[in-house]
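Please keep the sequence and the model in view while reading.

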Amino acid sequence: MQPTSTDLPTDGQVALSGDVRVPAWLSVATLRSMPQRETTVRFECRTSGLRRHYFSGPLLLDVLRAAEPTFDPGERKDRLRFLISVLGRDGHRAVLSWGEIDPDFGHTPALLAVSMDCRGLDDEGPHLVMPGDRCGGRHISQVTDIRVYADDRLWD
Ligand SMILES: Nc1nc2c(c(=O)[nH]1)N[C@H]1C(S)=C(S)[C@@H](COP(=O)(O)O)O[C@H]1N2
Ligand SMILES: [Mo]
C-alpha cells in the first residue's frame with residue numbers, strides 16, 4: 001500500500017514512499033531485523049554544545065534499496081538524480097542526495113538507528129545518523145517519513 005499523508009502511522013513507524021517500486025511502513029522491529037551497524041558520533045549543537053551518542057541500526061542505503069527506487073540500479077549516473085527527504089515527528093527535515101550515501105560516490109554510512117546510547121527507539125521511532133557531520137542538524141530524531149524522489153519534477 002502506498003502510504004499517504006492522510007494515513008496516521010502508529011508510533012515508531014516510518015512511511016517510506018516516493019519514486020520507489022515497493023513503498024512500505026517500517027517498524028523499528030523490522031529495521032532491527034536487517035543487518036546492523038554501529039557508530040559513535042560527536043557533533044556540535046549551537047544550543048547544547050558538544051554532544052556524543054552511540055547508535056546502532058541498518059544502513060539507510062539498505063533500507064532504501066529494499067524499496068527499489070525507480071532508477072536503473074546498474075546505471076551509476078541514473079542514481080545521481082535521486083533525492084531523499086527525511087522528516088522528524090516535530091516537522092524538522094533534511095534533504096540528502098542518493099550520491100551522498102551511494103558506495104560509488106560519497107559513501108557516507110548513514111544509519112537509520114534503532115537504538116541510541118543502548119536504549120531501543122521502538123516507541124519514538126528511528127533516528128537518522130550522518131557520521132562525519134560537524135553539527136547535529138541531520139541527526140534527525142523520531143523519523144516518521146522518508147521520501148525518495150527523482151529530480152524530474154524540478155526540471156518539468
Ligand atoms: N526531530 C528532530 N531531530 C533533531 C533536531 C530537531 O529539531 N528535530 N535538532 C537537531 C540538532 S540541531 C541537534 S544539535 C541534535 C541534538 O541532539 P541531542 O540533544 O540528542 O544530542 O538533534 C538534531 N535532531
Ligand atoms: Mo543543534
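## The shell around ligand 1

Strands β3 (37–45) and β4 (49–57) each supply at least two residues of the shell around ligand 1. Helices and strands are runs assigned by DSSP and numbered from the N terminus: a helix is H or I with at least four residues, and a strand is E with at least two. The model is a predicted one, in which local features need pLDDT of at least 70, side-chain atom pairs count only at pLDDT 80 or more, and totals for chains, interfaces and linings use all residues. Residues are numbered from 1 along each chain as its sequence is written, chains are lettered from A and ligands numbered from 1 in the order in which they are written, and side-chain values use heavy atoms, with hydrogens and water left out.

Which residues surround ligand 1? They are F43, C45, R51, H53, D90, H92, M116, G136, G137, H139, I140 and S141. A residue is near a molecule if one of its heavy atoms lies within 4 Å of it.

For R51, a polar side-chain atom lies 2.6 Å from an oxygen atom of ligand 1; for H53, the distance from a polar side-chain atom to an oxygen atom of ligand 1 is 2.7 Å. In the side chain of D90, an N or O atom is 2.7 Å from a nitrogen atom of ligand 1. The protein buries 70% of the 530 Å² that ligand 1 exposes when taken alone. Such accessible areas come from the Shrake-Rupley method with a 1.4 Å probe; for residues, only the protein chains shown count as cover.

Ligand 1 sits in the largest pocket. On a 1 Å grid over the protein atoms alone, a pocket is an open set of points with protein on both sides within 12 Å along at least five of seven lines. A molecule sits in a pocket if more than half of its atoms lie within 2 Å of its grid points.

A pair of aromatic rings is described by the distance of the centres and the angle of the planes. Rings of Phe, Tyr and Trp (its six-membered ring) pair if their centres lie within 6.5 Å; planes under 30 degrees apart count as stacked, over 60 as edge-to-face and the rest as tilted. The structure holds two aromatic pairs. Buried means under 20% relative accessible area, exposed over 50%, and partly exposed in between (1.4 Å probe, protein chains only). F71 counts as buried because its relative accessibility is 5%, and F82 is likewise buried, at 1%.

F71 also forms an edge-to-face pair with W98, at 4.9 Å centre to centre and 75° between the planes. Because F71 lies in the loop between α2 and α3 and W98 in helix α4 (residues 98–101), the pair ties together parts that are 27 residues apart in sequence. Both F71 and W98 are buried.

## Positive phi angles

Most residues other than glycine have a negative phi. E68 has a positive phi of about 55° although it is not a glycine. E68 is found in the loop between α2 and α3 and is partly exposed, with a relative accessible area of 39%.

D117, also not a glycine, has a positive phi of about 50°. The loop between β8 (115–116) and β9 (119–120) holds D117, which counts as partly exposed at 40% relative accessibility.

## Side-chain contacts within the protein

A polar contact is a pair of N or O atoms within 3.5 Å; within protein, one must be able to donate a hydrogen and the other to accept it, and residues adjacent in sequence count only if both atoms are side-chain atoms. S27, in the loop between β2 (24–26) and α1 (28–32), makes such a contact through its side chain with the side chain of T30 (2.9 Å). S27 counts as buried at 19% relative accessibility.

D145 belongs to strand β11 (residues 143–150). The side chains of D145 and R147 make a polar contact (2.9 Å). D145 is buried, with a relative accessible area of 12%.

Technical notes
On a 1 Å grid over the protein atoms alone, a cavity is a set of points where a 1.4 Å probe fits but cannot get out, and a pocket is an open set with protein on both sides within 12 Å along at least five of seven lines; lining residues have an atom within 4 Å of a point.
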